[in-house]
Amino acid sequence: MDNKAGSGICPACGAANSIVREFPFPLFRHLDFVRLDTETGRLGECSSCGTIFRIAKAQTLQDIDALYRSELYAAHEEVHAISVPGGADPVPASRVQAEALVGVLPDFPPRILDFGCFNGRLLQEFSTLRPDATLVGYDVAPRDGFPTGGAFTLETGDWRDIDGPFDLICMSHSIQYVREIAELMYQIRAWINPAGAIFIQTPDILKKPCALLLGDLHYHFSETTLTALMSELGFRVKMLQDMPFPRDVTLLGRVGDRVERDVSEFSGVSVLESAHNHVRALSNAIGAHGSKPADGILGTTIEAAFLDEELGGRTRFFVDENPKRIGQTFRGRQILHPQDVTASSVVLVPLGSQTVPVAERLSAKYSASFVVL
Ligand SMILES: [Zn+2]
C-alpha cells in the first residue's frame, strides 16, 4: 500500500494531516453494483479523527452527488430486511430501528427528522408507534411512495432550509453521502432540542471492509472513528450495542461539549489499512480458488459484486435469504433462495466478519456446499 503523508485536509473535521492511500481495486456504484469506470481509487484517512474519505477530481465528486438526484436513483428499490434471532422471516430494518428508538422520544408530541429518508419507510414505522409525532423526511430529490399529508412532510433540495427543532434526527445509511458533513453536523446541533438525540447507522468498515469498493460514497467509518468525529463536532455518543446489525455502527448522539481525546488514539494500525488488507486478502482468496467449482455467490451487495467481478462473471446464480429478492436478478443473473439451490452446487460466501458464522448456519440448514472465502 502506497502512503503519502500530509496530502490533504480532512473534509470532516478540518485537520490538515491526512494520509492518502492508493486503492487499486475495481470500484462499484451502490445503486446497482455495476462497476464504475472512473479514475483509480484513492482514499484519504484523517490522522486526527480517523475519518476515511474519497479523493477524486471535483467533477467526479459532483457526479457522485448528481447520481442521487437522478431519476435512475429515484427509481431503484432497496430492500433492507434482516434475520432476527428466533424470528421466522426477515424483518424490515426500518421497523427494528423505530422500535429501538421510540424509547428516546419525549412524552409530548415529538418532531422527528429522517435525513436521507428515501420513500419514508422509517417515518411510517414511527407513525405507527407514535401517532402524535410530526414526521419530516429529507432527501435530495422527490421520492415516490413517501406518504403525503397528515403528519408527513417531505423536504427536498437544500437541507439548510429545513426548519427545526427536532427531538430525534435519524441518519440511516446517509451520513456517507453528505460531502459537507461538518456543516451538516453544526446544523443538526442547532436543530436538536436540548433533550433530543441523533441516531446514526452506517457500515463499520472494519466489519464490512468491502464497502471501500463502493466508489460513490464520500466517507467510511468505524465505531472508533465515527465516535471521534462526533466528539470533535460536539456530540456525546453512546453505541447501541443491542441492535441486530452486526456489521454496522449504530449510535445515539446528544449535544455536548467537545471531548478531549488522546491524539495518539490513531497511531496504531490504521482503520483504512486494516480494511484494505481485508479486501486484498479476499482478492487473494478468490485468486486461490482459481478455476475450482463455483456455481453461485451468496449475497446481492458489494461483496458479491466484487467476487463476481474477480471471478470473471462465471457463476450461474446468486443466493439470498430475503424472500423479496427471490426471482429478481443481480448483475444479470437470477437470485435463488438457499433452499432452492441443489445439493451438488458450490456457493461461495464472502461476508467479511460474518463469513464463518453465516456459512456454518447455512450449511446446517440447507443442502448446498457453502464455501468460506
Ligand atoms: Zn478528521
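Trainee: Which residues in α7 meet which residues in α8?

Mentor: V279, L282, S283 and I286 of α7 meet F306, L307 and E310 of α8. Contact means heavy atoms within 4.5 Å. Helices (H or I, at least four residues) and strands (E, at least two) are DSSP runs, numbered from the N terminus. This is a predicted model in which local features need pLDDT of at least 70 and side-chain atom pairs count only at pLDDT 80 or more, while totals for chains, interfaces and linings use all residues. Residues are numbered from 1 along each chain as its sequence is written, and side-chain values use heavy atoms, without hydrogens and water.

Trainee: At what angle do α7 and α8 pack?

Mentor: The axes are lines fitted to C-alpha atoms over the stretch in contact, and the angle runs from 0 to 180 degrees between N-to-C directions. Helix α7 covers residues 271–289 and helix α8 residues 302–310; they pack at about 45°, with their axes 10 Å apart. That makes α7 oblique to α8 (under 35 degrees is roughly parallel, over 145 roughly antiparallel, 65 to 115 roughly perpendicular, and the rest oblique).

Trainee: How do helices α3 and α4 pack?

Mentor: Helix α3 (residues 93–101) packs on helix α4 (residues 121–129) at an angle of about 45°, and their axes are 9 Å apart. α3 and α4 are therefore oblique to each other. On the α3 side the contact is made by S94, R95, Q97, A98, E99 and L101, and on the α4 side by R121, L122, E125, F126 and L129.

Trainee: Which residues coordinate the zinc ion?

Mentor: A donor is an N, O or S atom within 2.8 Å of the metal (3.2 Å for Na, K and Ca); water is not among the atoms, so sites may look incomplete. Here the SG atoms of C10, C13, C46 and C49 coordinate the zinc ion at 2.3 to 2.4 Å. The angles among the four donor atoms are 105 to 114°, and the site is tetrahedral (all angles between 85 and 135 degrees).

Trainee: How are the donor residues spaced in sequence?

Mentor: Their pattern is C-x2-C-x32-C-x2-C. C13 lies in the loop between β1 (3–5) and β2 (18–23), whereas C46 is in strand β5 (residues 41–46), so the pair ties together parts that are 33 residues apart in sequence.

Trainee: Are C13 and C46 buried, partly exposed or exposed?

Mentor: Buried means under 20% relative accessible area, exposed over 50%, and partly exposed in between (1.4 Å probe, protein chains only). C13 is partly exposed at 22%, and C46 is buried at 2%. S47 is partly exposed at 27%. Its C-alpha atom is 5.3 Å from that of S18, although S47 and S18 are 29 residues apart along the chain.

Trainee: Which peptide bond is cis?

Mentor: Look at omega. The bond from G164 to P165 is cis, with omega near -5°. G164 sits in the loop between β11 (152–156) and β12 (166–172), and P165 is found in that loop as well. With a relative accessible area of 32%, G164 is partly exposed. The C-alpha atoms of G164 and L113 are 8.8 Å apart, across 51 residues of sequence.

Trainee: What is phi of F33, and what is phi of H173?

Mentor: F33 has a positive phi, near 60°, and is not a glycine. The loop between β3 (27–28) and β4 (35–36) holds F33, which is buried at 11%. H173, also not a glycine, has a positive phi of about 55°. H173 lies in the loop between β12 and α5 (181–191) and is partly exposed at 26%.

Trainee: Where is S222, and what does S222 touch?

Mentor: S222 is in the loop between β14 (219–220) and α6 (223–232). S222 is buried, at 1%. Residues up to four places away in sequence aside, S222 touches D204, I205, L206, V249 and V271.

Trainee: How many helices and strands does the protein have?

Mentor: Nine helices and 22 strands. Of the 373 residues, 52% are buried. Among contacts with a separation of 6 or more, 61% join residues 24 or more positions apart.

Technical notes
Four donors count as tetrahedral if all angles lie between 85 and 135 degrees; four count as square planar and six as octahedral if opposite donors are over 155 degrees apart and all others between 65 and 115; anything else is irregular.
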